[in-house]
Amino acid sequence: MSQTLSEKSVTTAAPLLLRERRGAVAILKLNRPEARNALSEGLIGALQQALVTLNARSDVHVIVIAGQGPAFCAGHDLRELTAHRDDGDGGRSFYSRIMSQCSQLMQAIVKSPKPVIAAVEGIATAAGCQLVASCDLAVAGASARFATPGVNIGLFCSTPMVALSRNVSRKRAMEMLLLGEWLGAEEAAEWGLLNRTVADGQALAAAVELGAKIAAKSPLTVAIGKEAFHAQLETSLEHAYSYAAEVMVQNMMTHDAQEGIGAFLEKRSPEWKGC
């Protein structure tokens, strides 16, 4: 995968993605603080690979995505995009590749069998806002701000629109997309982009705490539920109920459902086996 010369020098000094573990919760930190964690080609690739790795680990139940430094993510790297204007095709092939790659990343988050939580401090703009909207849950510091400001620079936030319009109402989404104005954390929570706000500097801790609560559940049951949630959203009401009923039947046949129900009736803690 190609990288810009400036990114190669950054990569030599520090990885594009920092990784931590807190119990069954894995933390991925975007590590381009000097660029407000903008999604360069290299960083997108690093996130994609990290998700593949973590999805395969049975000891990881939840994934948290955060940003190193004062910003969560400033969207696509505009300097990297601009540098490719000098390509023979004016940048078209690179732009096609980077937009496709970013879209695949957002879909990988949705399709991950593990819940993914965004921990936001500072700004989350354009594709950074898209990243927040793509996660299953999102927690933000009180001073965090969100925007899809592409319209202000002649580049409508069309791909962020996909995730945004699946989180907030149509008119709220259009307001953000057409005006390109800042949205505070409190409003973002009211509009449905966030689950909760916390004191500044506490978003990561709050996300990990939330993740730990989820990690205590049966990982199989959580994976079944996450997949079913997204699948039924794209169908008619009748089909959604038919599909969800079959999922419930399949879920009932698992060991963890039998164990969980038995533990509840016997007033004891369940012992999950993930099967």
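This is a predicted model: local features need pLDDT of at least 70, side-chain atom pairs count only at pLDDT 80 or more; totals for chains, interfaces and linings use all residues.
Helix H4, which spans residues 92-111, takes part in two of the helix contacts described here, one with helix H2 and one with helix H5. Helix H2 comprises residues 41-55, and its axis lies 10 Å from that of H4 at an angle of about 30°. Because angles under 35 degrees count as roughly parallel, H2 and H4 are roughly parallel to each other. The crossing of H2 with H4 is left-handed. On the H2 side, the contact is made by Glu-41, Ile-44, Gly-45, Leu-47, Gln-48 and Leu-51. H4 contributes Phe-94, Arg-97, Ile-98, Gln-101, Cys-102, Gln-104, Leu-105, Ala-108 and Ile-109 to this contact. Sorted by class, the residues between H2 and H4 comprise nine nonpolar, four polar and two charged.

Helix H5, formed by residues 127-134, packs against H4 at an angle of about 20°, and the two axes are 9 Å apart. The angle makes H4 roughly parallel to H5. In this pair the crossing is right-handed. Cys-102, Met-106, Ile-109 and Val-110 of H4 meet Ala-127, Gln-130, Leu-131 and Ser-134 of H5. Six of the residues in the contact of H4 with H5 are nonpolar and two are polar, while none is charged. Cys-102 and Ile-109 of H4 are named in the contact with H5 and also in the contact with H2.

Asp-136 is located in the loop that joins H5 to strand E6, the latter covering residues 137-141. With a relative accessible area of 25%, Asp-136 is classed as partly exposed, because the partly exposed class lies between the buried limit of 20% and the exposed limit of 50%. Beyond its neighbours within four places in sequence, Asp-136 touches Ile-109, Lys-114, Pro-115, Val-116, Asn-195, Lys-226 and His-230. The C-alpha atom of Asp-136 is also 5.9 Å from that of Ile-117, although 19 residues separate the two along the chain.

When residues up to four places away in sequence are set aside, Lys-226 is in contact with Ile-109, Val-110, Ser-112, Pro-113, Lys-114, Pro-115, Val-116 and Asp-136. Of these residues, Ile-109 and Val-110 are also part of the contact that H4 makes with H5.

Helix H12 consists of residues 255-265, and its buried residues are Asp-256, Ala-257, Glu-259, Gly-262 and Ala-263. The elements covering these buried residues include H10 and helix H11, the latter spanning residues 237-252. In the segment after H12 lies Lys-267, which has a positive phi of about 55° although it is not a glycine. Lys-267 counts as exposed, since its relative accessibility is 76%. Arg-36 likewise has a positive phi of about 55° without being a glycine. Arg-36 is found in the loop between strand E2, residues 25-30, and H2.

Technical notes:
Residues are numbered from 1 along each chain as its sequence is written. Side-chain values use heavy atoms; hydrogens and water are left out. Axes are lines fitted to C-alpha atoms, for helices over the stretch in contact, and angles run from 0 to 180 degrees between N-to-C directions. Helices (H or I, at least four residues) and strands (E, at least two) are DSSP runs, numbered from the N terminus. Angles under 35 degrees count as roughly parallel, over 145 as roughly antiparallel, 65 to 115 as roughly perpendicular and the rest as oblique. A crossing is left-handed if the near helix is turned anticlockwise from the far one by less than a right angle, and right-handed if clockwise. Contact means heavy atoms within 4.5 Å. Ala, Val, Leu, Ile, Met, Phe, Trp, Tyr, Cys and Pro count as nonpolar, Asp, Glu, Lys and Arg as charged, and the others, Gly among them, as polar. Buried means under 20% relative accessible area, exposed over 50%, partly exposed in between (1.4 Å probe, protein chains only).
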